[in-house]
Amino acid sequence: MTGQALLWGTLYALPLFVRSDFLLTIFIFTFIYAILAVTFDLIFGFTGQLSMFHPAVFGVSAYMTYLLATSYKLPFWVATLPSAAAAVVLAVMVGSICFKFRLKTFYFAVVTLAFAEMIRLVVMNWNSVTNGTLGLVVAGKPTIYWPGSGLVPIKGSMGWYYLTLVALSLTVLICARCLSSWMGRCFGAIRLNEDLARTLGINVFRYKLLSFAIGNALASFAGGLYGYYTGYIDPGYLGINQSMEVLAMVLLGGQGTLIGPIVGSLVLTGLPHAIDLRAEMRAILYGAILIFTILVMPRGIVGTLNAWRAKRGP
Amino acid sequence: MALEVRGLGKRFAGLIAVADVSFRVQPGEIVGIIGPNGSGKTTLLSMMAGLLPPTSGSVRWKGQEIQELRPDIIAGLGVVKTFQNPQVFAELSVFDNARVASHLALKRVLGFRRGLEIVGAAGGIEHRLAERVGEVLALCNLGGAADQLAGNLSYGEEKMLGIAMALMCEPELLLLDEPASGLGRDEVRNLASVLDKVHQAGTTLCLVDHKIGFLRGLTHRVIALNYGEKIAEGPPEAVLSEPAVIEAYLGAGHARA
Amino acid sequence: MTQLVLGQVLNGAIIGAMYGIIALGITLTFGITGIVNFALGEFMMIGAYATYALAERGLPYPVAVVPACLIAAAAGYLSNKAFFRFTRNNLVNGLLVSIGLISIFESAAMLLWTATPVEMHFVLPGALRVGDIGLPRMKVVVFAVIVVVIVATYLALARTWLGRAAFAYAQNPEAAMLMGVHTPRLESAVMLYSTGLAGLGGALYASLYSLEPAMGGVYVLKGMEAAILGGIGSLMGSLWGGVILGVIEGVGSIFLPTAFRDAYGLAVLVAILLFRPSGLFGDE
């Protein structure tokens with residue numbers, strides 16, 4: 001418990017000590033990707049479903065948030081809401097099909113990947129709306145509603161740092177509440193022994209779908225943030241490499257935990273940039289870290305730490 | 001308030017596992033089902049719990065046909081089954097195993113209001129659940145093992161945990177698939193006393209097993225199967241001394257005229 | 001119209017054969033050793049670039065193919081010895097090792113040859129005529145080679161003791177070991193062969209198309225699609241799955257927008273997985 005307090009305290013206090021834009025940028029990207037990683041872990045680490053669908057909601061929401069904001073003159077934070085709703089709709093449609101047919105791990109991954117790819121193709125070719133492969137340039141700053149001051153634009157590294165950190169904190173809070181309740185117990189039961197869960201009265205289909213919907217809905221916020229932060233949205237958001245990166249972060253950090261994916265995101269986002277290398281060497285380093293993790297620390301950083309602590313005793 | 005099995009049958013591509021079996025279980029009864037290996041006992045029980053669709057016949061619980069319903073819905077209606085090979089959540093502690101099994105009970109108590117628990121507004125429900133888990137584990141003589149990992153339990157303890165989890169679902173009818181198999185004599189005694197307590201509390205029991213002594217002391221009525229067909233039904237002593245039953249178990253030479 | 005369809009069917013079958021040889025590698029690896037080699041496309045890339053590099057140094061194409069395959073196979077053998085063998089029956093670990101290797105191999109190729117596509121000099125001129133359609137001779141050669149290799153693999157495994165040993169190992173490694181099957185050697189052999197196959201696919205690919213470091217990514221996905229379509233574990237199924245996938249993409253592009261080419265195969269894949277998960281030729 002105190003470990004958590006220390007972590008969050010440090011993160012919130014960080015900009016007071018760290019002024020380097022470069023470092024703050026790393027954290028901003030870490031936080032955005034961590035939202036993806038944590039929500040992916042909700043579906044995968046906690047409920048046991050290997051979903052390759054995250055890039056679809058990440059990308060769709062990036063496009064939708066921006067397009068709604070510009071077409072309907074909506075403030076950023078308002079535009080994220082219909083995008084999240086769209087993510088829920090997509091997740092429920094895809095999830096219903098997959099879970100109705102009781103697809104096992106590998107096949108579930110393949111089908112969610114197939115659906116994500118189909119959505120990517122639509123996005124890539126719907127030139128009138130998405131500008132196809134050329135992508136969209138995001139001009140304008142996101143605004144959030146601050147009681148007393150009205151709509152406040154987010155600018156500068158510090159503003160973005162806190163915006164993304166708060167978004168991550170809320171994501172983790174919501175996931176934590178769900179997981180510490182009966183819902184979390186149902187997820188765990190489904191992950192460990194689906195058939196047994198069924199005989200104990202748990203509606204497995206419903207809870208798999210719930211986990212999938214919540215995970216994708218929360219992940220969609222990362223899309224809006226990423227689009228506005230980088231200033232550029234293109235169909236690559238929906239590509240399979242996003243799935244790979246998120247999976248890597250979760251496995252590196254520790255699946256089945258909420259902090260693990262954040263740690264994984266920090267390491268995989270930060271480390272390659274912390275060492276000054278050319279792009280190809282950075283990618284090689286990335287690959288090496290992944291392989292090293294799986295061979296040496298299969299439970300991930302946080303998982304291994306937890307196991308080590310448990311062995312040492314109370 | 002009874003379970004009625006009517007003309008139930010199961011055919012696996014040429015092999016007839018269960019053929020036209022009919023019987024009733026009255027509330028408050030303890031019914032035993034016996035028969036040699038391969039006589040269709042486990043298949044019968046699985047069909048009664050909705051784990052296997054029958055190829056013919058029906059299962060009625062309180063007048064409603066349940067054979068086509070999902071297992072989780074049947075559990076919700078009050079019919080819960082345990083497994084011959086104990087099924088537990090190996091990575092969780094004994095306490096957590098039982099707590100997972102409290103889902104049905106929680107649904108009954110809170111209904112949709114259980115959503116409030118997520119936002120932290122469901123009152124002391126978690127506390128009450130924890131108390132109930134403690135009670136059920138104590139009833140099953142597992143209280144001392146509450147913190148152990150389910151995967152580390154002995155075979156007998158695992159089977160007990162399976163029963164404890166079924167009890168957490170507050171079943172009206174508890175179906176037990178060979179609860180005494182693989183247990184030593186002391187464990188069988190323990191099992192019998194637990195099942196007796198469960199019965200006293202109002203649960204109807206229907207169990208499949210091989211251990212004749214165990215069944216003799218526990219059951220009110222016994223049904224005997226052979227090659228998927230019902231061959232005898234009645235009080236334990238009567239059924240166990242029936243020639244057809246003895247022949248089914250031991251062969252024709254042993255049957256008395 | 002029929003000419004159009006026929007043309008797409010033939011071209012689709014040829015591309016499909018390429019998918020098929022990767023699919024065979026995937027199915028062999030997963031079916032026998034339980035390892036998910038999602039990086040198989042990288043070994044195809046290695047085979048392709050190795051062929052290119054050797055041909056650039058003056059080796060005639062058919063001669064360059066052989067060492068190229070061996071180089072790919074050697075890389076596969078080393079990857080297995082160092083990493084893959086620890087991921088047996090563990091889908092997620094296998095995925096992660098594959099992602100890592102993809103990063104490493106792709107970057108290495110970028111360092112050596114940059115991202116600019118490279119092309120081999122014209123390998124085999126001339127075309128065959130089928131009706132009104134001209135099929136480049138090299139494409140037909142590629143198709144023929146792949147079909148021969150896949151059928152030979154099938155025969156080798158279906159009819160010999162090697163196949164029986166592999167099958168036994170797939171079912172129960174301990175029992176196989178006790179029966180005298182040298183299991184680590186078998187596993188190495190399977191990895192060597194499957195990556196060699198991918199290398200061959202790459203070498204053949206190099207004769208027809210331009211190469212770039214990222215080429216493996218698309219093909220491993222197609223290979224996986226083809227393997228699933230045909231049924232994981234079915235050797236001939238990988239060829240059929242590949243060809244069917246290639247043809248669906250080609251024919252689909254006639255009647256529906258070409259931009260969604262990949263989606264047609266994907267839609268069929270999803271349908272198969274929902275209604276017949278064991279694939280067209282797998283066992284239930």
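Trainee: How many bridges join S7(B) and strand S8 (residues 204-208) of chain B, and in which sense do they pair?

Mentor: Keep in mind that this is a predicted model, where local features need pLDDT of at least 70, side-chain atom pairs count only at pLDDT 80 or more, and totals for chains, interfaces and linings use all residues. Residues are numbered from 1 along each chain as its sequence is written, while chains are lettered from A and ligands numbered from 1 in the order in which they are written. Strands (E, at least two residues) and helices (H or I, at least four) are DSSP runs numbered from the N terminus, and two strands pair if DSSP finds at least two bridges between them. Leu175(B) sits opposite Cys206(B) in S8(B), and the two strands pair over five bridges, in the parallel sense.

Trainee: Which residue of S7(B) does Val79(B) stand opposite?

Mentor: Look at strand S6 (residues 79-81) of chain B, which pairs with S7(B) in the parallel sense over three bridges. There, the residue facing Val79(B) is Leu173(B).

Trainee: Why is S7(B) largely enclosed by the rest of the structure?

Mentor: Buried means 20 or more other C-beta atoms within 10 Å of a residue's own, exposed means 12 or fewer, partly exposed is in between, and C-beta atoms are placed from the backbone. Leu173(B), Leu175(B) and Asp177(B) cover one side, Leu174(B) and Leu176(B) the other. The strand (residues 173-177) is largely enclosed because its buried residues number five of the five.

Trainee: Is Arg312(A) buried or exposed?

Mentor: Arg312(A) belongs to helix H14 (residues 300-312) of chain A. With 7 C-beta neighbours inside 10 Å, Arg312(A) counts as exposed.
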